[in-house]
Amino acid sequence: MNKKYNLSVMIPIGLFLIIMDQLSKWIIVKTMNVGDSFSVIGNILEITSHRNNGAAWGMLQNQMIFFYIITVIVLLAILYFFKQDAAFKPVMQLGLTLIFAGAVGNFIDRLFRGSVVDFIDTKIINYDFPIFNIADSCLTIGVIVLLYEILVNENKEKKHADI
Ligand SMILES: CCC[C@@H]1OC(=O)[C@@H](C)C[C@H](C)CCCCC(=O)CCC[C@@H](CC)/C=C/C=C(\COC)CC[C@@H](O)[C@@H](O)C[C@H](O)CNC1=O
């Protein structure tokens with residue numbers, strides 16, 4: 001049955017992702033020195049202990065106050081859009097939940113560690129992709145899910161409008 005808000009699904013998913021993100025970062029901090037690295041799958045996937053004082057690709061180094069402000073705005077915007085736009089849209093609720101969990105995960109790092117712990121070191125198609133973490137993955141997948149939902153939904157609405 002299609003509930004207005006699937007909070008009984010979204011809240012556990014969000015909490016699980018935040019816990020997995022923080023647990024993985026805790027293990028990296030406790031068991032590896034910054035710069036340590038070991039291979040998981042050849043040189044395609046390695047675990048490298050890294051810290052990032054900036055945003056993606058290390059942009060805006062040491063602008064923590066800016067990151068706090070942006071993150072609070074992102075979190076408030078997600079709560080607003082969840083309530084205003086995501087009613088009866090479980091896919092949109094999932095996308096927003098993923099982004100919320102990712103933003104909280106990196107926010108916790110920025111607040112309590114002063115930098116973000118990264119450790120997933122992949123070489124995607126020989127491009128040495130920046131080292132990232134589970135929170136970044138949630139953010140990126142959440143953005144993709146949200147874009148998909150908006151694009152698909154717009155097409156549906158257009159079709160109904162054309163009829
Ligand atoms: C994922 C957003 C970055 C994340 O934003 C956050 O925390 C949010 C909640 C707060 C930021 C202060 C504001 C958003 C900045 C948006 C941005 O930067 C454009 C990004 C596009 C994105 C497509 C959506 C590409 C993806 C990149 C990466 C992730 O690949 C999976 C590489 C991650 C590595 O550079 C890693 O060192 C980053 C480090 O972990 C800190 N992470 C952040 O700042």
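This is a predicted model: local features need pLDDT of at least 70, side-chain atom pairs count only at pLDDT 80 or more; totals for chains, interfaces and linings use all residues.
Q: What is the strand order in the open sheet, and is the pairing parallel or antiparallel?
A: The order is 1-2-3-4, and the four strands pair in the antiparallel sense.

Q: Which strands stand at the edges?
A: Strand 1 (37-41) and strand 4 (127-128). Each has a single partner strand, so one side of each is left without a neighbour in the sheet.

Q: What packs on the sheet?
A: Helix 1 (residues 7-31) does, touching strand 2 (45-52) and strand 3. The direction of helix 1 makes about 95° with that of strand 3.

Q: Back to the strands. How many bridges between strand 2 and strand 3?
A: Six, in an antiparallel pairing. Within that pair, Arg-51 stands opposite Val-117 of strand 3.

Q: And how many join strand 3 to strand 4?
A: Two bridges, with strand 3 (residues 116-124) and strand 4 running antiparallel. Lys-123 stands opposite Asp-128 in strand 4.

Q: What about the turn between strand 3 and strand 4?
A: The two strands form a hairpin with two residues between them. Ile-125 sits in the turn and has a positive phi of about 50°.

Q: Why is strand 3 described as largely enclosed?
A: Because seven of its nine residues are buried, strand 3 is largely enclosed by the rest of the structure.

Q: Switching to helix 4. How many residues, and what does it span?
A: Helix 4 (residues 134-162) has 29 residues. From first C-alpha to last it reaches 42 Å, close to the 42 Å expected at 1.5 Å a residue.

Q: Which of its residues are buried in helix 4?
A: Ala-135, Cys-138, Gly-142, Val-145, Leu-146, Glu-149 and Asn-153. Their cover includes helix 1 and helix 3 (90-112).

Q: What happens at the start of helix 4?
A: A side-chain oxygen of Asn-133 reaches to within 3.0 Å of the backbone nitrogen of Ala-135.

Q: What does the side chain of Asn-133 do at the ligand?
A: An N or O atom in the side chain of Asn-133 is 3.3 Å from an oxygen atom of the ligand.

Q: Which residues come nearest to the ligand?
A: Of the 22 residues around the ligand, those are Asn-52, Trp-57, Arg-110, Asp-118 and Asp-136.

Q: Where does Asp-118 lie relative to a ligand oxygen?
A: A polar side-chain atom of Asp-118 is 2.6 Å from an oxygen atom of the ligand.

Q: Which residue has a backbone atom 3.1 Å from a ligand oxygen?
A: Ile-131, through a backbone N or O atom.

Technical notes
Residues are numbered from 1 along each chain as its sequence is written. Side-chain values use heavy atoms; hydrogens and water are left out. Two strands pair if DSSP finds at least two bridges between them. Contact means heavy atoms within 4.5 Å. Axes are lines fitted to C-alpha atoms, for helices over the stretch in contact, and angles run from 0 to 180 degrees between N-to-C directions. The expected span of a helix is 1.5 Å times one less than its number of residues. Buried means under 20% relative accessible area, exposed over 50%, partly exposed in between (1.4 Å probe, protein chains only). A polar contact is a pair of N or O atoms within 3.5 Å; within protein, one must be able to donate a hydrogen and the other to accept it, and residues adjacent in sequence count only if both atoms are side-chain atoms. A residue is near a molecule or strand if one of its heavy atoms lies within 4 Å of it.
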